[in-house]
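Here is a short report on strands, a helix and ring contacts. Please look at the fold first, then read on.

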Amino acid sequence: MMSNPIKISAKDLKAFYGPEQLLMSLNIDIPDRQILGIIGPAGSGKTTFLRSLNRLNDLIPDFRIEGSITLDGQDIYHPKFDVVALRKRVGMLFALPVPLPKSIYENIIYGPRLSGVGDRKKLDQLVESSLRSAFIWDEVKNRLNSPAMRLSGGQQQRLCLARILALEPEVILLDEPCSGLDPISTAKIEEALTILKEKYTIILVTNNTKQAARVADRTAFFLMGSLVEYGPTGELFTVPQDKRTSDYITGRFG
């Protein structure tokens with residue numbers, strides 16, 4: 001399962017918010033073009049870790065890290081590392097969809113146009129390919145000029161995924177992307193992810209252990225800021241090495 005090259009590596013990673021330590025010396029290698037599922041109870045450091053991977057935590061006053069995170073062997077916290085370029089390479093989908101108050105078409109081309117893409121044919125191609133990859137093209141292809149805010153919640157989430165894909169990233173971060181969605185919308189997101197991993201490295205934070213079992217190639221269990229267990233999903237869910245992992249998966253944790 002680890003035969004793929006390492007895309008992201010965290011070494012002795014610690015995170016602090018003021019005097020409070022949120023991550024406790026994490027060490028994890030994340031293979032390219034696989035889905036990593038991250039599970040664990042609330043407050044275990046899952047989202048802190050995820051937001052550290054594209055430096056969104058930099059926007060929080062008094063936040064700091066120690067240790068290192070590398071992307072393709074480059075330290076993303078090096079003073080000369082281009083943070084804007086990082087966030088284009090590492091896109092993020094949040095729990096609540098946040099479409100722009102624009103048309104469906106304008107939502108998709110917003111990022112590429114800011115990045116300098118001006119050719120209408122190229123933009124049209126990006127819109128179609130991104131919406132297809134997010135499993136929403138057939139639902140919106142005849143109303144691309146309609147307001148994105150009129151879409152259902154599940155459609156808005158897939159639109160936001162398409163908006164990330166239009167920037168042609170290398171890594172996709174997802175922070176509980178299905179938490180507010182119905183089972184049908186959730187299934188569409190999961191189906192999209194299993195296909196997208198052919199091109200992208202995907203890191204999925206989820207409170208749904210069954211979702212991790214369904215889609216993740218590898219799973220990490222976080223607890224109180226520590227990485228308790230990490231391995232192939234099938235092994236972790238059938239023969240967990242730590243009782244706390246077993247208790248969490250079976251719902252006995254508490």
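This is a predicted model: local features need pLDDT of at least 70, side-chain atom pairs count only at pLDDT 80 or more; totals for chains, interfaces and linings use all residues.

T70 stands opposite D75 in strand 5. Strand 5 runs antiparallel to strand 4 (residues 63-71), and two bridges join them. Two strands count as paired if DSSP finds at least two bridges between them. Helices (H or I, at least four residues) and strands (E, at least two) are DSSP runs, numbered from the N terminus.

Residues are numbered from 1 along each chain as its sequence is written, and side-chain values use heavy atoms, with hydrogens and water left out.

Is strand 7 buried or exposed? Five of the five residues of strand 7 (residues 171-175) are buried, so the strand is largely enclosed by the rest of the structure. Buried means under 20% relative accessible area, exposed over 50%, and partly exposed in between (1.4 Å probe, protein chains only). V171, L173 and D175 cover one side, I172 and L174 the other. In a regular strand the side chains alternate between the two faces of the sheet.

| Partner of strand 7 | Bridges | Sense |
|---|---|---|
| Strand 6 (residues 90-93) | four | parallel |
| Strand 8 (residues 201-205) | five | parallel |

L93 stands opposite L174. D175 has V205 in strand 8 as its bridge partner.

Now helix 6. Twelve of the 13 residues of helix 6 are buried, so it too is largely enclosed by the rest of the structure. Its buried residues pack against several elements, including strand 6, strand 7 and helix 7. Contact here means heavy atoms within 4.5 Å.

Last, the rings. The structure holds four aromatic pairs. Rings of Phe, Tyr and Trp (its six-membered ring) pair if their centres lie within 6.5 Å; planes under 30 degrees apart count as stacked, over 60 as edge-to-face and the rest as tilted. The rings of F49 and F222 have centres 5.6 Å apart and planes at 50 degrees, so this pair is tilted. F49 lies in helix 1 (residues 46-52) and F222 in strand 9 (residues 218-223), so the pair ties together parts 173 residues apart in sequence. F49 and F222 are both buried.
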